Amino acid sequence: MELQQLQYLVHVADEGTFTGGAHRSHVVQSAVSASIARLERELGTAVFDRSGRRVALTPAGHVLLGHAREILARVRVAGDDAMAASGEVAGSVDLLILLSTGTVDLAGCLARVHAAHPGVRVRLRQTGGSSPDHVDEIVSGRADLGLVIVPDEPVDGLDVVPVGEVGVVLVCPTDDSLATARQVPVSDLAPATWIDFPAGWGNRLVADAALDGLDGPRRVAAEVIDVSTALGLVAGGLGVAFVPETAVVGRDDIAVVDLARPPTRSTIGVATSTRLPYSAATAAVRDALCVGVTTGRSGPPSGTP
């Protein structure tokens with residue numbers, strides 16, 4: 001069993017196709033297919049079910065994938081920490097972030113990392129999916145660490161340190177009657193047309209919770225996957241939307257609705273997996289994001305799995 005085989009296994013599993021796995025591995029598909037086939041012969045069992053349009057892990061594949069992630073993580077940490085032992089903290093860090101980082105000064109944090117450790121390369125991956133999806137990416141090792149909405153209950157395999165918060169506001173076109181109304185009750189939102197986000201996304205969950213109890217379904221003009229598009233559609237008069245409050249700063253083409261019961265603010269935390277080791281480079285990014293946090297830090301010391 002070779003490390004390259006395990007890397008191909010992880011990439012194909014994450015992408016769901018051999019083509020996607022090959023693209024992520026920067027090799028031709030035939031190389032990935034041949035390597036996985038050789039691995040299956042060595043194991044004496046299939047690791048992928050190829051009967052569908054997208055490949056799926058077999059029971060044996062699921063077991064091997066967990067080991068593969070841990071082995072590859074330890075190999076990468078070994079290399080990065082060997083460099084750190086010589087006085088140079090270096091390596092790549094995959095940082096998962098939300099559509100909005102709220103009060104977290106992400107740019108400032110990354111600037112501190114770059115100034116202190118020029119050899120650390122941070123790959124930002126922004127996603128608007130649901131909080132459980134974000135957490136699963138980190139616990140499983142598909143991301144080294146991430147900024148997530150702090151779960152209401154502890155999650156097995158997850159260490160999270162609260163570092164900030166994010167608020168969501170309702171915005172409307174400037175010529176909408178809601179723009180000048182005060183203390184708007186939920187019932188007044190029944191006739192509104194909405195610019196929505198996909199089911200399960202944070203902003204969509206806020207909208208669903210805020211409008212819970214209204215009779216009938218909401219009228220949705222469009223469903224989008226990024227805040228910029230949502231704001232553009234609202235400014236264009238197509239509807240109203242819940243968006244991160246930081247996204248509306250400095251904009252005069254939309255109005256923030258004065259709700260009688262504004263949505264509850266959510267806590268943002270820096271999350272790492274307790275099941276996998278992380279490198280000195282990841283620890284450096286984690287520490288920069290945690291600057292100023294003096295309580296609630298439940299995780300291990302920097303660089304310790």
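Me: Buried means under 20% relative accessible area. What percentage of the 305 residues of the protein count as buried?

Reply: The model is a predicted one. Of the 305 residues in the protein, 44% count as buried.

Me: Why is leucine 6 called buried?

Reply: Leucine 6 has 3% relative accessibility, and the cut-off for buried is under 20%. Leucine 6 therefore counts as buried.

Me: Where is leucine 6 found, and which residues is leucine 6 in contact with, leaving aside its neighbours within four places in sequence?

Reply: Leucine 6 belongs to helix H1 (residues 3-15). With those neighbours left aside, the residues in contact with leucine 6 are Met1, Leu64, Ala68, Ile71 and Leu72. Contact here needs heavy atoms within 4.5 Å.

Me: How many aromatic pairs are there?

Reply: Ring centres must lie within 6.5 Å for a pair. By this rule there are three aromatic pairs.

Me: What makes the pair of tryptophan 194 and phenylalanine 242 stacked?

Reply: The ring centres of tryptophan 194 and phenylalanine 242 are 5.7 Å apart, and the planes stand at 20°. Planes under 30 degrees apart count as stacked, so this pair is stacked.

Me: Why is that pair said to tie together parts that are apart in sequence?

Reply: Tryptophan 194 is in strand S8 (residues 193-196), while phenylalanine 242 is in strand S10 (residues 241-244), so the pair joins parts 48 residues apart in sequence. Both tryptophan 194 and phenylalanine 242 are buried.

Me: What makes phenylalanine 197 and tryptophan 201 a stacked pair?

Reply: The centres of the rings of phenylalanine 197 and tryptophan 201 lie 6.5 Å apart, with the planes at 25°. The limit for a pair is within 6.5 Å, and stacked needs planes under 30 degrees apart; the pair is therefore stacked. Phenylalanine 197 is buried, as is tryptophan 201.

Me: How do you know that the charged end of arginine 218 sits over the ring of tryptophan 194?

Reply: The charged end of arginine 218 is 5.3 Å from the centre of the ring of tryptophan 194. The rule asks for CZ of Arg within 6 Å of the ring centre and within 35 degrees of the ring normal. The charged end of arginine 218 is listed as sitting over that ring.

Me: How many helices and strands does the protein have?

Reply: There are nine helices and twelve strands in the protein. Its C-alpha trace spans about 70 × 50 × 35 Å along the principal axes.

How values were computed: Residues are numbered from 1 along each chain as its sequence is written. This is a predicted model: local features need pLDDT of at least 70, side-chain atom pairs count only at pLDDT 80 or more; totals for chains, interfaces and linings use all residues. Side-chain values use heavy atoms; hydrogens and water are left out. Rings of Phe, Tyr and Trp (its six-membered ring) pair if their centres lie within 6.5 Å; planes under 30 degrees apart count as stacked, over 60 as edge-to-face and the rest as tilted. Helices (H or I, at least four residues) and strands (E, at least two) are DSSP runs, numbered from the N terminus. Buried means under 20% relative accessible area, exposed over 50%, partly exposed in between (1.4 Å probe, protein chains only).
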